[in-house]
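Here are a few friendly notes to read alongside the model.

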Amino acid sequence: MKKMMKCVMVLAMVASMTGCGKETKTPTEPVEENTQIPNPFAECETIEEAEKIAGFDLVIPEKVPEGFNDKNISAIQNEMIDISYDNGEEKLCIRKGKGTDDVSGDYTQYDEISTVEVNNRSVTLKGSGDKINVAVWKDEDFAYSIVVNSGKVGIDSNVITDLVKGIE
């Protein structure tokens, strides 16, 4: 009887030990990772500072559309300069980057795409209706872009072409 009692006690202890292990729960909702890609752009105080970081010069238009007063300047090391203007509701972005790939960052599918000649440059214009949102062009070593209100109402084509004329 003592032996049987010992066996029952040992079985009870083993059973209690296995019940005290870590409980694994299957999540009821999918687990999302919150990893973000670091921002490659360095904020700059001046265009000259951005040119140093990027390793090349950028000439911007002397005049931008009325109301676009707030200017932010940034650059990616040895790759790109980004000048963004804001009027509180709308945004205008001018970029110059090394290489000949589209540097606009605007992947919106626009209704209208056309090509025009501006200062001996073949410039692709994208927009909807009679308004233009994106102008992209390239030369031998650099790609350029102007983006206005990505995916929203753009601006007149003559305003865009005037901006293109002032960029080198």
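This is a predicted model: local features need pLDDT of at least 70, side-chain atom pairs count only at pLDDT 80 or more; totals for chains, interfaces and linings use all residues.

1. Strands here are DSSP runs of E with at least two residues, helices are runs of H or I with at least four, and both are numbered from the N terminus.

2. Residues are numbered from 1 along each chain as its sequence is written, and side-chain values use heavy atoms, leaving out hydrogens and water.

3. Strand 4 also has a partner in strand 8 (residues 142-148): the two run antiparallel and are joined by seven bridges. There, G97 has A143 as its bridge partner.

4. Please look at D82 and R95. They are bridge partners in the strand pairing, and their side chains also form a salt bridge, with the closest N and O atoms 2.7 Å apart. The two lie 13 residues apart, R95 in strand 4 and D82 in strand 3. Both are buried. A salt bridge here is a side-chain nitrogen of Lys or Arg within 4 Å of a carboxyl oxygen of Asp or Glu.

5. How many salt bridges does a search of the whole structure find? The search finds four. Among them is D156 with K131, at 2.9 Å from N to O, which links strand 9 (residues 155-156) to strand 7 (residues 131-138) across 25 residues. D156 counts as partly exposed because its relative accessibility is 34%. Another is D162 with K165, at 3.9 Å; both lie in helix 3 (residues 157-165), three residues apart.

6. Lastly, the largest pocket has a volume of about 230 Å³. Of its 14 lining residues, D82, S84, K91, C93 and R95 are the closest to its centre. Strand 4 gives the largest share of the lining, three residues. A pocket is an open set of points on a 1 Å grid over the protein atoms alone, where a 1.4 Å probe fits, with protein on both sides within 12 Å along at least five of seven lines; lining residues have an atom within 4 Å of a point. The volume is the space filled by probe spheres set on the points, which are joined across faces, edges and corners.

Definitions and conventions
Two strands pair if DSSP finds at least two bridges between them. Buried means under 20% relative accessible area, exposed over 50%, partly exposed in between (1.4 Å probe, protein chains only).
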